[in-house]
Amino acid sequence: MTVKAPNFSLDGKVALVTGAARGIGRACALACAAAGADVIIGVRNVEAVGDLVAELESTGRRVLAVPMDISDSRQITQAVDTALATFETIDILVNNVGVAPGNLAELVEEKDVDQILNVNIKGTFLVTQAVARHMIEKRGGRIVNISSQAGVTLRGEAIYCMSKAAINHLSRCLAAEWAQYGITVNTVAPTFIWTDSTRPVLADPDFYSRTVGHIPLGRIGDTDDVVGAVVYLASPAASLVTGANLLVDGGWSIA
């Protein structure tokens with residue numbers, strides 16, 4: 001029997017990454033390009049990501065930045081239409097946008113609840129729906145939703161945790177519904193990852209020590225830990241994987 005190496009290449013594919021301006025989203029866009037995909041980056045401010053566009057183009061891939069505030073359904077529609085007019089297809093969708101206004105449950109304000117539900121759940125669904133309509137028509141595609149360990153563990157921030165649990169279950173439902181069209185839908189659920197948004201809280205020695213103490217592998221994650229899982233789920237190597245929630249949490253959820 002001939003043994004072949006797993007195929008993790010995204011050559012010839014087009015990937016749309018939302019929330020690509022910084023952090024995990026930026027790393028996902030760069031990883032997709034490095035794996036061979038042309039990349040569409042959905043960002044709130046196109047003018048502010050010139051350095052990212054240049055870095056992506058340096059890989060030799062085609063790049064398009066589109067304005068996409070996922071709390072605005074019109075922007076979602078316009079962004080997907082622009083992407084399809086430019087590239088004619090979207091093969092991979094990475095839903096990365098998410099907000100987490102942290103607060104004790106008894107102190108959460110209605111505006112915080114509205115923001116989390118509108119962005120983390122409603123916005124993610126509307127982007128997925130818009131892209132999936134194209135994927136259904138062409139009968140195939142990969143959808144990877146960035147969730148969080150907060151969707152399966154208890155760590156405070158009840159409304160945020162609820163939103164990520166909803167994304168996990170939504171992904172399973174869509175995986176079952178769209179399998180007939182050759183579309184896979186999976187989630188990647190990271191622990192605390194070093195990004196610009198987490199550095200301020202992780203700079204607190206007590207918080208850092210408590211956090212690492214919850215992680216059996218004993219370290220905070222890097223964006224490289226997340227993008228490996230994303231590229232895998234978007235690649236031919238994961239062609240039989242759908243409805244999965246891949247925890248990249250250093251063992252937090254089993255500790």
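## Aromatic pairs

In this predicted model, there are 4 aromatic pairs to look at. One of them joins Phe192 and Trp252, whose rings sit 6.0 Å apart, centre to centre, with 40° between the planes, so the pair counts as tilted. Both residues, Phe192 and Trp252, are buried.

Where do the two partners sit along the chain? Phe192 belongs to the loop between strand S6 (183–190) and helix H6 (199–202), while Trp252 comes in the segment after strand S7 (245–248). That is why the pair ties together parts that are 60 residues apart in sequence. Phe207 joins in too: ring pairs link Phe192, Phe207 and Trp252 into a cluster.

## Nonpolar cores

Now for the nonpolar side. The largest nonpolar core has 37 residues, and Leu10, Ile41, Leu56, Val188 and Val230 have the most contacts inside it. Among the elements that give two or more residues to this core are helices H1 (23–34), H2 (50–57) and H8 (223–234).

## H4 against H5

Helix H4 (residues 110–138) packs on helix H5 (residues 158–178) at an angle of about 15°, and their axes are 10 Å apart. With angles under 35 degrees counting as roughly parallel, that label therefore goes to H4 and H5. The crossing is right-handed.

Which residues make this contact? On the H4 side, the list includes Val113, Ile116, Leu117, Asn120, Ile121, Thr124 and Phe125, along with Thr128, Ala132 and Ile136. H5 meets them with residues including Ile159, Tyr160, Met162, Ser163 and Lys164, then Ala166, Ile167, Leu170, Leu174 and Trp178.

## H1 against H8

H1 and H8 pack at about 50°, with their axes 9 Å apart. The two helices are therefore oblique to each other, and H1 passes H8 in a right-handed crossing.

From H1, the contact uses Gly23, Ile24, Ala27, Cys28, Ala31 and Cys32. H8 answers with Thr223, Val226, Val227, Val230 and Val231.

Technical notes. Residues are numbered from 1 along each chain as its sequence is written. This is a predicted model: local features need pLDDT of at least 70, side-chain atom pairs count only at pLDDT 80 or more; totals for chains, interfaces and linings use all residues. Side-chain values use heavy atoms; hydrogens and water are left out. A nonpolar core is a set of buried Ala, Val, Leu, Ile, Met, Phe, Trp, Tyr and Cys residues joined through side-chain atoms within 4.5 Å. Buried means under 20% relative accessible area, exposed over 50%, partly exposed in between (1.4 Å probe, protein chains only). Helices (H or I, at least four residues) and strands (E, at least two) are DSSP runs, numbered from the N terminus. Rings of Phe, Tyr and Trp (its six-membered ring) pair if their centres lie within 6.5 Å; planes under 30 degrees apart count as stacked, over 60 as edge-to-face and the rest as tilted. Axes are lines fitted to C-alpha atoms, for helices over the stretch in contact, and angles run from 0 to 180 degrees between N-to-C directions. Angles under 35 degrees count as roughly parallel, over 145 as roughly antiparallel, 65 to 115 as roughly perpendicular and the rest as oblique. A crossing is left-handed if the near helix is turned anticlockwise from the far one by less than a right angle, and right-handed if clockwise. Contact means heavy atoms within 4.5 Å.
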